[in-house]
Amino acid sequence: MLNRRLLRIKVLQVLYSAEQDAQLTAAKCQSKLKSLINAYYRAYLLSLLFIDKVGNYAEFEINRQENKLLKDKADKPISLRLVNNPFIKALNDEDFTDLIAKEKLEYLINKDDIQKIFKKLLTKERYQAYTDSKEVTFEQERKITIYLFNKVIIKNALYSSCMEDEFINWYDDRETLFKNVNEKLRKIGTIKDCTFNNLYTSLNESGLNFAQSLLIKTINEKDTYLEYIKPHLKNWDADRVTTIDMLLLNMAVVEFIQFENVPIKVTINEYIEISKQYSTPNSKDFINGILDKLMIKLKEEGKINKSGRGLVEF
């Protein structure tokens, strides 16, 4: 679920921290990387919990209205259709409940906030059309769930505030997380497939291995690969090149030489894109130019040997 770019960004964040803190050993860097990755999955689970809480709030609201001693004319009839939505019901799962308890996420959500988000949902014409329909198809159930997440929950300041307060790297992670949630919702084809296990996927072993390997190899080979990079900085003052740019170059050289199954162009394109987000306006051209020269030189010296998918040219 966590794509390679975000894994590279996590590695970059750890390496940058190590540059600022000499006490951050390789072992501590590995631990920090795991913490950053785990934080992403906690944020994903918390987002699913928001969907669950808002989706099921109608039942709570109906009970609240029924238990009032004095009926309020302002109270409007509430539909239970969303509560019975298969995507919402998929979150009524023991595995989901156990994960929420394990990660101590329940206490992060304020019931008053859920009520406010639900009240906002009630004002939406799209939701009114959904609840007013005599019958709804599975596809309509999917669309209203996607609408709930994209147009109601993540647009609400209460959700944003909760995520920002809990996750220090929320700004970096949010777009990937939004994309992941949408991909999961769109991928489910039938009601039978509508399960929590199909809405949530933990980090696979290959993804974790990639991130850990990239981190450790960049740390261990830093001085060696710096010597490969320096000759290509003739028109640049190495001491004035930003820390981020030097880290990106080091990470890219590690991928060139030690990750046989990662295509060269994928590596170059990834670090150009990351530089746009994390470095200076001129960094993308700097990274592109230096990596092109390094690629040619390292190929000539026989230091780049790709195999399998790494041979693919894009």
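The buried residues of helix α14 are covered by several elements, among them α1, α11 (205-220), α13 (243-258) and α15 (283-300). The model is a predicted one, in which local features need pLDDT of at least 70 and side-chain atom pairs count only at pLDDT 80 or more, while totals for chains, interfaces and linings use all residues. Residues are numbered from 1 along each chain as its sequence is written, and side-chain values use heavy atoms, with hydrogens and water left out.

Helices here are DSSP runs (H or I, at least four residues), numbered from the N terminus. In α14, the buried residues (under 20% relative accessible area, with a 1.4 Å probe and protein chains only) are Ile264, Thr267, Ile268, Glu270, Tyr271, Ile272, Ile274 and Ser275. The end C-alpha atoms of α14 are 21 Å apart, in agreement with the 21 Å that its 15 residues should span at 1.5 Å a residue; the expected span is 1.5 Å times one less than the number of residues.

Leaving aside neighbours within four places in sequence, Ile268 is in contact (heavy atoms within 4.5 Å) with Phe256, Asn288, Leu291, Asp292 and Met295. Of these, Asn288 lies 20 residues from Ile268 along the chain, yet their C-alpha atoms are separated by 6.9 Å.

Two helix pairs come next. The axes (lines fitted to C-alpha atoms over the stretch in contact, with angles from 0 to 180 degrees between N-to-C directions) of α12 (residues 222-229) and α13 are 10 Å apart, at an angle of about 95 degrees. α12 is therefore roughly perpendicular (65 to 115 degrees) to α13. On the α12 side, Lys222, Tyr225, Leu226, Tyr228 and Ile229 take part, meeting α13 residues that include Met246, Leu249 and Val253.

For α1 (residues 4-20) and α9 (residues 170-187), the axes come within 11 Å and cross at roughly 170 degrees, so the two helices are roughly antiparallel (over 145 degrees). Here Leu6, Lys10 and Gln13 of α1 meet Asp172, Asp173 and Thr176 of α9.

Finally, helix α8 (residues 157-166) has Tyr159, Cys162 and Met163 as its buried residues. These fall within an arc of 95 degrees seen down the axis of α8, so they line one face of the helix; the arc is that of the directions from the helix axis to the C-beta atoms. Ala157 and Asp165, on the other side of α8, are exposed (over 50% relative accessible area).

Definitions and conventions: Angles under 35 degrees count as roughly parallel, over 145 as roughly antiparallel, 65 to 115 as roughly perpendicular and the rest as oblique.
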